[in-house]
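Here is a short report on one protein model. Please keep the sequence and the coordinates side by side.

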Amino acid sequence: MRKEVKRYIDKADDRTVQMVYAMLEAEQQYDFWDELPNAVKADIDEAIKQADAGKLLSHEEVMKKYKKWLTK
């Protein structure tokens, strides 16, 4: 597949090459994780640790527990 893409790039006009280059640059530079506040990152890391340890509640359990808050 890489060889095929390279052949397309070699045959493409300058405008197409610039567009492909811009897409690749944008993808490499942006990672939403880098934009998150440290407190949010820490909370996510803690949630992953809890999930890995099996400390989870099913959707049904959560809905049952907080049912009173769901009524209008």
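## Basis

This is a predicted model; local features need pLDDT of at least 70, side-chain atom pairs count only at pLDDT 80 or more, and totals for chains, interfaces and linings use all residues. Numbering runs from 1 along each chain as its sequence is written, and side-chain values use heavy atoms, with hydrogens and water left out.

## Helix α4

Helix α4 spans residues 38–52 and has 15 residues. Helices are DSSP runs (H or I, at least four residues), numbered from the N terminus. From first C-alpha to last, α4 reaches 21 Å, close to the 21 Å expected at 1.5 Å a residue. That expected span is 1.5 Å times one less than the number of residues. Gly 54 follows α4, with a positive phi near 85 degrees.

## Lys 41

Lys 41 sits in helix α4. Lys 41 is buried (under 20% relative accessible area, with a 1.4 Å probe and protein chains only). It has no salt bridge, meaning a side-chain nitrogen of Lys or Arg within 4 Å of a carboxyl oxygen of Asp or Glu. Asp 34 is the nearest side chain of opposite charge, 4.9 Å away. Lys and Arg count as positive, Asp and Glu as negative; His and the chain ends are not counted.

A polar atom of the Lys 41 side chain lies 3.4 Å from the backbone oxygen of Trp 33.

## Surface patch

Met 1, Val 5, Ile 9 and Val 17 form a nonpolar surface patch. Patch residues have over 30% relative accessible area and no salt bridge; nonpolar side chains (Val, Leu, Ile, Met, Phe, Trp, Tyr) are joined within 5 Å, like charges within 9 Å. Together the four have about 380 Å² of accessible area, from the Shrake-Rupley method with a 1.4 Å probe, where only the protein chains shown count as cover for residues.

Val 17 belongs to helix α2 (residues 14–29). Val 17 counts as partly exposed because its relative accessibility is 31%, and that class lies between buried and exposed (over 50%).

## Separations

Val 17 and His 59 are 42 residues apart in sequence and 47 Å apart in space, C-alpha to C-alpha. Val 40, in helix α4, is 31 residues from Thr 71 in sequence and 29 Å in space, C-alpha to C-alpha.

Definitions and conventions. Helix = DSSP H or I, 4+ residues; strand = E, 2+ residues; numbered from the N terminus. Polar contact = N/O pair within 3.5 Å; in protein donor to acceptor, adjacent residues only side chain to side chain.
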